[in-house]
Amino acid sequence: MGSVLAVFSAVSQGFMDFETGRLSKSYPVILATFAEAATSVVVFCILRLFIKSHAAFDISSIEDGIAMGLFLALGNFLTFKALSTGPMGLVSAAGGLELVPPIIFDSSIGKAPSMFQLAGMLLIFVGLFVASRSPRGGNRFSPATLAIAIAGAAVFGCADIVFSIGDHGDVVDLLIVAQLTKVFVFFFAIVALRIKVSMISRRSWKLFSIIGVFNGVLWMTFSRAIDMGSIDVATAILSTSPVITALLAYQVLKENLRRIQLIGMLVSIAGTLMLI
């Protein structure tokens, strides 16, 4: 059952990456990230009402939630920017590098990475390098997009470190604070840049709401999958989400990956599996 829930998590992650990337092509990235965060807050609050309606809010989640939210805000902005300009499957594959900062942090406190993990890091970079070497023109994975995608993954990894070392209690409360932090960050950015929220159409708001639902499904099913099984198995299944993103981009946007790009994406996914 845990593996089945992990599959739902992978599908949710793949769908989210695809839809946010597609919407980021139509709207300013800051506006898209604000809308994603706003709808996610609503979804997490609704989930809390159903799961812990009578429980007091966990005060210990505030400090860690704010720190996580700041990292997630920057990570979301960079990732959405990369998704809006590059091949979605390849940008998603770069997300495997999110596991690298926690591994480096563990090594700094005496938990040295295994040779297998070091080989996995190298394999991810090799896969991304190979994908970026495709001929000019068409759906090319430019070095700039590659750098932005890698930076986004690194920032998400820092958010994972905050989560792992923090003295937080309830996960849902932590996620609500983190999403609220993202909303405030992007709201002030929108005001400062004088971007009009009214640019988002009613249909797009519906899509952002669906993304928020999938975000909630992702966190809840993945957490439950870990509780019911192995974290290694759940994380391994989740790491296949770039395949879902690439398939959606191919079917909906007719985004064709060249053979060398497809090979690079699969090599990066293989490297991610080695990090677990």
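## Cysteines

Cysteine 158 has a relative accessible area of 27% and is therefore partly exposed, a class that lies between buried (under 20% relative accessible area) and exposed (over 50%), with a 1.4 Å probe and protein chains only. Cysteine 45, at 33% relative accessibility, also counts as partly exposed. The structure holds zero disulfides, a disulfide being a pair of cysteine sulfur atoms within 2.5 Å.

## Basis of the model

This is a predicted model, in which local features need pLDDT of at least 70 and side-chain atom pairs count only at pLDDT 80 or more, while totals for chains, interfaces and linings use all residues. Residues are numbered from 1 along each chain as its sequence is written, and side-chain values use heavy atoms, with hydrogens and water left out.

## Helix 3 and helix 7

Helix 3 (residues 61-85) packs with helix 7 (residues 143-165) at an angle of about 160 degrees, and their axes are 8 Å apart. Helices are DSSP runs of H or I with at least four residues, numbered from the N terminus. Axes are lines fitted to C-alpha atoms over the stretch in contact, and angles run from 0 to 180 degrees between N-to-C directions. The two helices are therefore roughly antiparallel to each other, a term for angles over 145 degrees.

## Phenylalanine 77

Phenylalanine 77 is found in helix 3 and counts as partly exposed, at 28% relative accessibility. Its C-alpha atom is separated by 7.7 Å from that of glycine 152, 75 residues apart along the chain. Leaving aside neighbours within four places in sequence, phenylalanine 77 is in contact (heavy atoms within 4.5 Å) with Val29, Ile30, Thr33 and Phe186.

Methods:
Parallel < 35°, antiparallel > 145°, perpendicular 65-115°, else oblique.
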